[in-house]
Amino acid sequence: MSDVLLQSLITGVTIGSAYALVGLGFAIIFNVSDVVNFAQGEFVMVGAMSAVSLLAVGVPFAVALFLALVIAVCIGLILEKFAIEPAKSATVVSTIIITIGASIFLRGLALLIWGKDFHSLPAFSGETPIHIGSATLTPQSMWVMGVTAVLVFLVHQFFNRTITGKALLACSANPIAASLIGIPVKRMMLFAYGLSALLGGAAGLLIAPIAFTSYDAGMMLGLKGFAAAILGGLGNPMGAVAGGVVLGVLESLGAGLISSGYKDAIAFIILLLVLFFKPQGFFGKAGEERV
Amino acid sequence: MKRSVKALVAGFALLFSINAAQASDIKIGTFLAVTGPASFLGDPELKTLQMYVKKINDEGGVIGRKIKLIHYDTGANPKKAVNFAKRLIKKDRVDIIVGASTSGTTMAVIPIVQKAKIPFISMAGSVKIVEPVKKWVFKTPHTDKMAARKIFIDMNKRDIKKVGLISGSGGFGKSGRGQVLALASEYGITITADESYGKKDTDMTAQLSKIRATNPDAILNFGFGSGPAIVTKNIRQLGIKLPIYQSHGVASKKYINLAGSAAEGVRLPAASLLVASMLPSSHPQTEVIQAYKNNFEAKHGPVSTFGGHAYDALYLAVEAIKRAGSTNKARVRNEIENTKNFLGAGGIFNMSSSDHLGLGLNAFKMLEIKNGDWSIVE
């Protein structure tokens, strides 16, 4: 039984790391604009699918990964520039609906470009697993966890240590005041979408060798990432990360110890319980002032 | 006044002549899941039907009449399938229905075709479509029951007694799981574990660790889509060295591409179409399969076994109409039931009043994946 437990934990943290990156993207955009960007999952899909295509035409592996990230960021910037920004006078709810529309559009576009098939990326550094007792850890899992940890650390430092990061936070606290003291709010919004797309694209690249990718892969990851962000307290980036890992582990333990049929149910029941008893999430501050 | 009467008469004449022209066409109705979750079935099926209806018409049609194909897209939705079946029967007044990509849509329309007394050939997998036999309903694909038997026979040969089962939670996986559990004891096989996974699951190591703890001799996976490829990779990642069996649900090159080196040594039952180029020239199906493969690949890219089911369904219908010499529904139905030694893409069909599928276990080949390609075990 203990090896099932250990294996579930390893699996859970790996998948949870991907949820965490997606959740982090949700939190960043929510922080800046109070908008839940439902196209977040599509960034994940675009990143992975672009890498698959680039590899297929013979681009070297590292270059393909880099270019895929660039493509994902571009999609994020285009989304902000041509869909979100023109509707700046729209209410938050309307903007959220725009992001849902954008996600359906991107999925449709991906279907036309890449077809309905599943695709796989090769693992970053071989597939020889490392044995821990009777449980195993694949090199790709270590990549997922390691890169996620680094990205999360960088994002954390960015928000706390750099002027741009603080300016982003200022936009979320009070956009009018922020623009009065000379912060380019528009450019900050663009920046937030680019950063979210970068994190989403990275999640897509990391997870594709394990979970494969297809035109609709972003839907599930987007939903789980959203759940992670809610679990951690929407608008708290580090909370979203913790939420992602917790969600991944819960799912995996559910599948290993009870039944895979109830896996999603277990994760979402816990999410509902958290929302019921602690609506602000694990780490959200109650009654936090939002303008 | 006179002129308007003339115009009216002319109009009627025109109308009748159009009707007459249409009546001389043989109308084949079809409803397939061309979009939606089962589009990988419906898409090649529709392409196959359209391609061969055109071919038959170019060659002069059947019993001197052209075929007209009337198609609706169900998106694998049984409710839509019911509406379209009614429309095909009442409004389009088709002579025969050749369609339904999924078992769900097939089961939903069975009461309607039975009541309307119209021959219906389905392209869906479940054994429940033809067991018990329904007077007007036939099908062309192999069943999950046949796949389970084929796998168990191979396990008996390799002296495998204990099997850990993992299956997808979709209709295909569930139905296959049911057949495996029901038939295992008949072959002296014990199922040590019975795990499942969801359609969009990305990692099955937790379930597989549980299976490993029950000490089976082999692992059997019933499912389709990306799941079986992930299962295969996960088994090898966990360092489990047991033989792996998959169902006919993974019978496409895509599975080998996704699972990569982990797929080496995996065994599965599949239709001969998959290994068309490896069949000996003495094999009775070789000619039919090669022709279909070449025709399809010349126009649409790599062939799948699913399109082959549509080919079989269309030609079963066409042959029956030829033998009946008319489109009289009862006579066509009788002729479909009397099909003997029909060489199709899926196998050799021998129907009877108690068997509305007509394929034997020999329609399946047991394959093993070697060096990233299929090889025939027997």
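User: Start with chain B. Of its contacts with a separation of 6 or more, how many join residues 24 or more positions apart?
Analyst: In this predicted model, 66% of those chain B contacts are between residues 24 or more positions apart.

User: And which helices and strands does chain B have, by number?
Analyst: Chain B holds 12 helices and 14 strands. Its radius of gyration is 23 Å, close to the 21 Å the globule rule gives for 378 residues, so chain B is as compact as a globular protein of that length.

User: What box do its C-alpha atoms fill?
Analyst: Roughly 90 × 45 × 35 Å, taken along the principal axes of chain B.

User: How many of its residues are buried?
Analyst: 51% of the 378 residues of chain B count as buried.

User: What domains does chain B have?
Analyst: The domain assignment gives two entries for chain B. Domain 1 covers 24–143 + 287–360. Domain 2 covers 145–276 + 364–376.

User: How far apart are the centres of those domains?
Analyst: The C-alpha centres of domain 1 and domain 2 of chain B lie 29 Å apart.

User: How many residues are in contact between them?
Analyst: 17 residues of domain 1 of chain B are in contact with 17 residues of domain 2 of chain B.

User: Which helices supply the domain 1 side?
Analyst: Helix 4 (103–116), helix 10 (286–300) and helix 11 (305–324) of chain B each supply at least two residues there. Helix 10 of chain B gives the most, with three residues.

User: What classes of residue are on that side?
Analyst: The side of domain 1 of chain B that touches domain 2 of chain B has five nonpolar, 11 polar and one charged residues.

User: Let's zoom in. Where is B:Met51?
Analyst: B:Met51 sits in helix 2 of chain B, residues 39–58.

User: Is B:Met51 buried or exposed?
Analyst: B:Met51 is buried, because it has 20 C-beta neighbours inside 10 Å. The cut-off for buried is 20 or more.

User: What does B:Met51 touch?
Analyst: B:Met51 touches B:Asn295 and B:Lys299, not counting residues up to four places away in sequence. Also, the C-alpha atoms of B:Met51 and B:Phe296 are separated by 8.1 Å. Those two are 245 residues apart along the chain.

User: Now B:Lys139. Which strand is that in?
Analyst: B:Lys139 lies in strand 5 of chain B, residues 137–139.

User: It's a lysine. Why does B:Lys139 count as buried?
Analyst: B:Lys139 counts as buried because 27 C-beta neighbours lie inside 10 Å.

User: Which residues are in contact with B:Lys139?
Analyst: Leaving aside neighbours within four places in sequence, B:Lys139 is in contact with B:Ile121, B:Ser122, B:Ala124, B:Ile129, B:Val130, B:His356 and B:Leu357.

User: And how far is B:Lys139 from B:Phe120?
Analyst: The C-alpha atoms of B:Lys139 and B:Phe120 are separated by 8.1 Å. Along the chain, B:Lys139 and B:Phe120 are 19 residues apart.

User: Switch to chain A. What's its secondary structure?
Analyst: Chain A comes to 11 helices and two strands. Along the sequence, the pattern is α-α-α-α-β-β-α-α-α-α-α-α-α.

User: What about the radius of gyration of chain A?
Analyst: Chain A has 19 Å. A compact globule with 291 residues would have a radius of gyration near 19 Å, so chain A agrees with that. Along its principal axes, the C-alpha trace of chain A spans about 60 × 50 × 35 Å.

User: How many residues of chain A count as buried?
Analyst: 51% of the 291 residues of chain A do.

User: At what angle do helix 6 and helix 8 of chain A pack?
Analyst: Helix 6 (residues 163–173) and helix 8 of chain A pack at about 110 degrees, with their axes 10 Å apart. That makes helix 6 of chain A roughly perpendicular to helix 8 of chain A.

User: Which residues meet there?
Analyst: A:Ala167, A:Leu168 and A:Cys171 in helix 6 of chain A meet A:Val185, A:Met188, A:Phe191 and A:Ala192 in helix 8 of chain A. By class, the contact has seven nonpolar, no polar and no charged residues.

User: Last topic. How many residues of chain A are in contact with chain B?
Analyst: 25 residues of chain A are in contact with 25 residues of chain B. On the chain A side, helix 1 (2–33) of chain A gives the largest share, six residues. That side divides into nine nonpolar, 11 polar and five charged residues.

How values were computed
Residues are numbered from 1 along each chain as its sequence is written. Chains are lettered from A and ligands numbered from 1 in the order in which they are written. This is a predicted model: local features need pLDDT of at least 70, side-chain atom pairs count only at pLDDT 80 or more; totals for chains, interfaces and linings use all residues. Domain bounds come from an automatic or database domain assignment. Two residues are in contact if their C-beta atoms, placed from the backbone, lie within 7 Å. Helices (H or I, at least four residues) and strands (E, at least two) are DSSP runs, numbered from the N terminus. Ala, Val, Leu, Ile, Met, Phe, Trp, Tyr, Cys and Pro count as nonpolar, Asp, Glu, Lys and Arg as charged, and the others, Gly among them, as polar. A residue is buried if 20 or more other C-beta atoms lie within 10 Å of its own, exposed if 12 or fewer, and partly exposed in between; C-beta atoms are placed from the backbone. The radius of gyration is taken over C-alpha atoms; the globule rule is 2.2 Å times the number of residues to the power 0.38. Axes are lines fitted to C-alpha atoms, for helices over the stretch in contact, and angles run from 0 to 180 degrees between N-to-C directions. Angles under 35 degrees count as roughly parallel, over 145 as roughly antiparallel, 65 to 115 as roughly perpendicular and the rest as oblique.
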